[in-house]
Amino acid sequence: MLNTNLFSSKHEQNEQKDILDFLLDYTIGRQELEEDEYDGSKSPQEYTPDPTPEENKENPRIYLYNSHQGEEYNGDTLDSHDVVPTVMLANYRLREELNNLGLNTIAETNPITEVLKANNWNYASSYEASKLLMTDALEKNGTLEYFFDIHRDSIPYESSVITYEGTTYAKILFVIGTDHENYEQNLLLAEKLNTILNQKVPNITRGIIKKGGSGVNGIYNQDFSPNTLLFEIGGSYNKISEVTNTIHILAVSLKEMIG
C-alpha cells in the first residue's frame, strides 16, 4: 500500500459569478508561467484544495485524477482576484456532477509533486507518480471501476470551442496510448463515449487520437484497467465557464454509458 506519509496535508454574468465564488473559496493564487504549455519546471505546480473532502466517498465507482495538476485554463477575467482555474477544478466539478447523478465518484487530492519528490523523479515521470496514486486509491476503494485522467490541451482558441444552441463548450479530445497489448479495450470505451457525447452536442469532441512509439508516453496509465481514459478538456485559452458547460455534458454522457 502507498505510504500516505509521503504527501503534505492538504468555481458571463450570473454563471460567471457562481464560478468566481467557487474559485475564490477553493483555489490558490495565480502564478504567471513563461510558456503557454505548463511543463512542471518553470514554477511550482499549482494545487487546488478539495472544496468538499468528505463528499460521497462510500463505495465509489469512478476515480478522477490529473497527472498534470498544474495545467491552467484562461484566468483573464479573474486576474483582479488573483485566482487561476486549473484542471483540478475541472475534476472537482465533474465529481460533483457525477455524484448528483448517482454515480459515486472520488477525486484525487494528493499533490503529484510530492510523489515526484519522494521518489526523486522529475516532471517527465508524472504518469508514474499518478499511477502510484491510482493503485493506492484502488487498494482503499475496491469498488472502483473507472479511472479518468483530465488534462487540457495547448491549441488555438478557435480549435478548442463549439457553440451549440447558444451555449459555448470546450471541446474534448480522447488520447489512447497504443504501447500496451490491451489498448483496444480502452479504445472501445473511448469510441462508445465519443459517440454519446456527439449525439448530445454535435462536434463537442475532437475525436480520438492514438499515440505510441518513440517520443511519447504511449501508455498513459491505460494498462491499469480497460476502463482507464485520458480526456483533454479544452485548451489553455478556454474560460472556466466553457469547461463547466462541457463537464455537464460529459457527466450525463458517462451516466448514460455506465448506468
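## Overall layout

Helices (H or I, at least four residues) and strands (E, at least two) are DSSP runs, numbered from the N terminus. Going along the sequence, the chain reads α-β-α-β-α-α-β-β-β-β-α-β-β-α, which comes to 6 helices and 8 strands.

A quick note on the model: it is predicted, so local features need pLDDT of at least 70 and side-chain atom pairs count only at pLDDT 80 or more, while totals for chains, interfaces and linings use all residues. Residues are numbered from 1 along each chain as its sequence is written, and side-chain values use heavy atoms, with hydrogens and water left out.

## The nonpolar cores

Of the chain's 259 residues, 52% are buried (under 20% relative accessible area, 1.4 Å probe, protein chains only). A nonpolar core here is a set of buried Ala, Val, Leu, Ile, Met, Phe, Trp, Tyr and Cys residues joined through side-chain atoms within 4.5 Å. The largest one has 42 residues, with L193, L229, F231, I233 and L250 making the most contacts inside it. Helix α6 gives the largest share, 9 residues.

Take L250: leaving aside neighbours within four places in sequence, L250 is in contact (heavy atoms within 4.5 Å) with L94, I172, L193, L197, F231 and I233. Another core of 12 residues lies apart, and Y63, I112, V115 and M134 are among its members.

## Strand β3

β3 pairs (at least two DSSP bridges between the strands) in the parallel sense with β1 over 4 bridges and with β8 over 6 bridges. Y65 sits opposite D149 of β3, and I150 is opposite F231 in β8.

Note on methods:
Buried means under 20% relative accessible area, exposed over 50%, partly exposed in between (1.4 Å probe, protein chains only).
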